[in-house]
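Here is a short report on one protein model. Have a look at the structure first, then read on.

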Amino acid sequence: MKDIDFENEVTAEKLAKDLNLSRDNVSRDLNSLVREKKAVKKKGKPVLFFSSKVLERELSIKISTYVVDSFDELYKKDKESHSSDHFSLIGSEGSLKDLIEIAQSAMVYPPHGLPTLIKGETGVGKSLFVEAMYNFGQTEGILSKDSPLIIFNCADYADNPQLLMSQLFGHVKGSYTGAEVEKSGLVEKAENGILFLDEIHRLPKEGQEMLFLLMDKGVYRKMGDSNRYQESNILIIGATTENDDSLLPTFLRRIPLTIELPPLKSRKLSERLELINHIFDLESRRLKKSVVVQKEVIKALLTYECKGNIGQLKSDIQVICAKAFYKSMQLGSECVSVKVSYLASSIYESLFDMNNRKEIDDLLGFFSVNEFKFPQNIGNENVLELSKDEFDSEALYEKVTSLWNEWSSSDLGIEEMNKELNSVLENYTYNKTMEVSMIVQNQILDNQIVGKLRSILKKYFLTMNSKEIEKSCRIIAIHLQHVINHHQERSRNEISFDLEMKESFASFENRGEVEIQAAREILDSLSAAYSVPFTYMDFLYIVNYLSIIQRKKQDKVGLIVIMHGKSTASSMAEFANRLLEIDFIKSVDMDLHDQMQHVLQQTIDKVKEVDEGKGVVILADMGSILNFEKKIRKETNVEVYTVDLVSTPILLELAVKSHGHNMDAEELFHYAEKLKIQYYRNKEKDTSIQKDHLSYFDKVLVRNIDNSLMFLSAIKAYEVLKPILSKLSIRYNFVLDDDILVKFMFHGASMLERCLTEDYLPYKNYQRQFDLYPNFSKELKKEFFKVEQHFGIKIPEEEIASILDIFIVQSDGQLEKHTFNTRDK
């Protein structure tokens, strides 16, 4: 069917008749041809399909849209596609079309283009728009292939006009204390290209005035040079989230063009779909795995209130993909399956209040699929492909039905069937994830069914909290709603609920009376409400599920993370709790100034808090914590085991085992040791080449640091931080011993990761430390400015002050004495 290249228009009905095939199958295949851009679909009665290749040949156009109301749309889209050539942004033929034309005129205006101000809310894509302008300039020959695009964030120097001037225009030797050599500024580096001033509203008055001469006459002077003017050939583009009153009127008059990018809520829904499609595609390529996304996920992302615009949309999708990727690792799956259950509640809840449901159904309804697969095929970048997910939640009913029919014809008795089915249900429900919420909420449920379940579960299970009840309601509702919707298709051979119930209570010796009563009332009430004859299998499903839930509420092994750093342990524990939707992982942060006795007492308190009768496993970043075990056991009478060299993947795996498996602390400890051997064997394979040049001590140190990091490479952090420490030790005459090396490297690497994620440490009255140690503080800031440049991050002064504390403690408060005896390297 897909190889047909029809010369004339066809309809599904006519083609089905000619080929003697089902009309539904033919319609599905014709729509597949449209998705693959091999056919064009013309709406109307009847719906007509045309060969894309034939239309392009006969009409002499390039087709870019494949579902149209008339052929005029094809001509219009063809014309629009030429107008936005080389400006490949989503929306270039829609909401951004007029803005792109303004940007193109700014780029081509002689001699160097027109200064332009890009306005818009946070996350609308201002930086990306500037990059598109730059690419357009290169493609059109306005800029050479070597022309630079220099990006400068004005917020970094908003409070220091002198340093701002030096960064922008450079300085000559001796222009200020410490200016030992002449330095080029960003204006010089941007020669023959574009200087992009991001957050231009953060430029102080003096900073804006500095640019007047450059914008008026194309000349400037380096800081400290009052005699020479430098000529400049650059285009200045600024970006701001603020109103015009944040900039000087005299500065605004020098910027003739303003482009205001629309927020995401103002853009067409079809463009938002393209953005979602594009981001999932990028994440799939980044993960180097297929990503399969449920249709309901796409719907939710299309409808939720995304206040942070494209930036937030991208961030939210990345978080969803991270959750799904972790689950794929647990399951050993080749693809990453993104389900509605991975969505934050603020995103998911939008599915229940869709004001634009018809528009979304029209947009997605064309694709007669329930899932979309990424990355997309080359040559079909905008096509969402059909993919079947073997773990689709509705498949649960078919799975159980199939097993029931298989077992019914076997020699298995009722009790054996119950045990086998219970095992299947438990594996499916928890499937190595232990959290119900990870497989539910992947379809919109009947509120009447959910409400009825909620009232019955509250009546029978008084110890369940509201969150557990909601999860249970949705799990059971998925099954029952499917039964109600498809009851006419059920096999006539299935044994009726009433008949089998009378004969099978004996097989439920290991089930609680409460579960049986609750299941019976659920089926009785829904059977009456929906006139559906439930079967014994439905009863068995509910009883087994409720039994699983009750068993999962049994005591679990307590987990405590202890790590060096002000928030290293708490950050790791918080991440694991949030990812797995649990709250039982506790933490103890070991600050640089903490005494071991204080840490021990904190740990004892935490052990008493988390112990539920099965013992506690402590996960630590260094082996010294092992000394705590005997003391804690003696103080608490709790079985305590310590796992050193902890990492986030190991913590996550132990949390799953603790909550979802019947283990005690000793069993969990031995499992952790095996897991650790396997994990570090793999880690050594990955990093052995990089660490060959390190000493044994440094290798161990890097490995320990790597265990405490989520995103940053420990070896990269080490290679940047170690030279700084070495330089400072020489310059300020202090001994570089193992103690300061470990403290500095651990704290420094953690600080870099916090800066990468913009999750900074608070530090009250940090300026007081700088005032007490001004010389060393200045040197420290200078060194970490290089680190900022290396990683492309901003390190707040509060974080620098925390680093300063390490040296203050190490020098016993005599840091400034060393400063007066400094010598150059």
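## Serine 284 and its helix

S284 sits in helix α12 (residues 269–287). Helices here are DSSP runs of H or I with at least four residues, numbered from the N terminus. With a relative accessibility of 1%, S284 counts as buried. Buried means under 20% relative accessible area, with a 1.4 Å probe and protein chains only.

Which residues is S284 in contact with, leaving aside neighbours within four places in sequence? They are K289, S290, V291, F374 and P375. Contact means heavy atoms within 4.5 Å.

## Source and confidence

The model is predicted: local features need pLDDT of at least 70, side-chain atom pairs count only at pLDDT 80 or more, and totals for chains, interfaces and linings use all residues. Residues are numbered from 1 along each chain as its sequence is written, and side-chain values use heavy atoms, leaving out hydrogens and water.

pLDDT is the predictor's confidence in each residue, from 0 to 100. The protein's average is 76, and 76% of the residues score at least 70. Residues 425–444 stay under 50, and the model has 82 contacts for them beyond four places in sequence. Residues 683–691 also stay under 50. For that stretch the model has 8 contacts beyond four places in sequence.

## An enclosed helix

Helix α13 covers residues 295–303. Of its 9 residues, 8 are buried, so α13 is largely enclosed by the rest of the structure. The buried residues are K295, E296, V297, I298, K299, A300, L301 and L302.

## Helices α5 and α6

Helix α5 (residues 97–108) and helix α6 (residues 126–139) cross at roughly 50°, and their axes come within 10 Å. Axes are lines fitted to C-alpha atoms, for helices over the stretch in contact, and angles run from 0 to 180 degrees between N-to-C directions. The two helices are therefore oblique to each other. Oblique covers what is left after under 35 degrees (roughly parallel), over 145 (roughly antiparallel) and 65 to 115 (roughly perpendicular).

From α5, the contact uses L99, I100, A103, Q104, A106, M107 and V108. From α6 come F129, M133, F136 and G137. These residues divide into 9 nonpolar, 2 polar and no charged. Ala, Val, Leu, Ile, Met, Phe, Trp, Tyr, Cys and Pro count as nonpolar, Asp, Glu, Lys and Arg as charged, and the others, Gly among them, as polar.

## Helices α33 and α34

Helix α33 (residues 774–791) packs against helix α34 (residues 797–810) at about 120°, with axes 10 Å apart. That makes α33 oblique to α34.

Notes: Buried means under 20% relative accessible area, exposed over 50%, partly exposed in between (1.4 Å probe, protein chains only).
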